[in-house]
Amino acid sequence: MPDLLMLYYIIWDVRPEVFPWTGVPRWYGVFWAIGVLLSITATRYIFNNEKRPSDEVDKLTIYLMIGALIGARLGHVLFYDPAYYWQHPIEILPVSLNPAFHFTGLAGLASHGGGMGLITSAFIFARRKKLDFIWLLDRIAIVVPLCGAFIRLGNLMNSEMIGIPSNMVWAFVFTSVDNVPRHPAQLYEAIYCGILFAVMLYLWRRKRDHWRNGTLFGVMITILFSLRFLDEFFKVNQESFENSMMLNMGQILSIPFILIGLITIAFRHHVSAHDSQQS
């Protein structure tokens with residue numbers, strides 16, 4: 001059977017560790033770090049172009065990373081398995097007490113919670129540094145898809161978040177999971193995130209002087225989470241309780257972000273139209 005599959009589909013036989021004989025580092029962590037570093041570089045370019053101090057990017061990065069990690073971890077705990085973590089609260093932390101206290105990696109993160117954490121930490125940073133919060137959200141919105149693309153490539157390398165069975169010619173057979181051809185849902189998400197980053201960068205360069213603050217943010221989260229909603233149809237549910245649901249948790253959690261994006265765009269457009277009438 002594997003020999004026949006090799007003729008029709010993409011055989012994905014990649015170990016999750018970069019150096020298998022050591023067990024570390026894992027590809028997910030490597031791609032996560034690459035995404036963060038490239039996002040920092042892009043943010044520096046944006047801030048320098050808008051005559052903002054470069055040291056703001058370093059401080060902002062610390063806030064955003066802490067906020068995203070805390071939000072993503074709490075999002076997983078609250079949205080996917082609250083009953084378990086209520087009984088085992090120590091496991092909320094990314095550490096293990098058995099056999100010894102040690103870091104257990106970046107497992108158990110929810111991207112929707114990470115989004116909430118990003119927005120919260122950006123708000124705190126803007127308040128402390130006396131920046132326009134909405135202006136800051138627009139700039140963060142440009143680079144979020146870039147980081148997201150590399151995180152999903154990390155999921156692909158680790159054979160995580162696999163897709164549902166498929167007979168398409170580009171289907172992947174994740175040999176560490178089974179011999180079933182599946183949609184490479186992680187790759188779909190990485191591709192559309194990469195394209196969205198390019199679109200957001202283009203819109204920032206062309207429209208930032210014409211659009212009201214908040215519009216870029218609204219456009220980004222509307223497109224990103226609309227695509228995420230659709231991508232979930234090609235994924236295997238993360239938790240068994242989702243199998244009995246009409247929409248899975250990823251889709252349900254995407255809806256508020258889509259609505260926030262649409263409301264933001266509509267509100268900023270209304271304000272711009274009102275200002276035009278006043279002038």
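**Close-up 1. Lys59 and its salt-bridge partner in the predicted model.** Lys59 is partly exposed, with a relative accessible area of 37%. In this predicted model, the side chain of Lys59 meets that of Asp55 in a salt bridge, with 3.6 Å from N to O. Asp55 is likewise partly exposed, its relative accessible area being 37%.

**Close-up 2. The salt bridge of Arg52 with Glu56.** The closest N and O atoms of this pair are 2.7 Å apart. Arg52 is partly exposed, at a relative accessible area of 27%, whereas Glu56 is buried, at 12%.

**Close-up 3. The packing of helices α3 and α5.** Helix α3 (residues 55-80) packs against helix α5 (residues 111-129) at an angle of about 145°, and their axes are 6 Å apart. The crossing is right-handed. Residues of α3 in the contact include Glu56, Lys59 and Gly67, and those of α5 include Gly113, Ser121 and Arg128. The contact residues comprise eleven nonpolar, seven polar and four charged.

**Close-up 4. The packing of helices α5 and α6.** The axes of α5 and helix α6 (residues 133-157) come within 11 Å and cross at roughly 145°. This crossing is right-handed. Among the contributing residues are Leu118 and Phe125 of α5 and Leu136 and Arg152 of α6. The contact comprises eleven nonpolar residues, one polar and one charged.

**Close-up 5. A network of salt bridges.** Arg152, Glu189, Arg228, Asp231, Glu232 and Lys235 are linked in this network. Within it, the side chains of Glu232 and Arg228 form a salt bridge at 2.6 Å, N to O. Glu232 is buried, with a relative accessible area of 7%, and Arg228 is buried at 4%.

Terms used:
Residues are numbered from 1 along each chain as its sequence is written. This is a predicted model: local features need pLDDT of at least 70, side-chain atom pairs count only at pLDDT 80 or more; totals for chains, interfaces and linings use all residues. Side-chain values use heavy atoms; hydrogens and water are left out. Axes are lines fitted to C-alpha atoms, for helices over the stretch in contact, and angles run from 0 to 180 degrees between N-to-C directions. Helices (H or I, at least four residues) and strands (E, at least two) are DSSP runs, numbered from the N terminus. A crossing is left-handed if the near helix is turned anticlockwise from the far one by less than a right angle, and right-handed if clockwise. Contact means heavy atoms within 4.5 Å. Ala, Val, Leu, Ile, Met, Phe, Trp, Tyr, Cys and Pro count as nonpolar, Asp, Glu, Lys and Arg as charged, and the others, Gly among them, as polar. A salt bridge is a side-chain nitrogen of Lys or Arg within 4 Å of a carboxyl oxygen of Asp or Glu. Buried means under 20% relative accessible area, exposed over 50%, partly exposed in between (1.4 Å probe, protein chains only).
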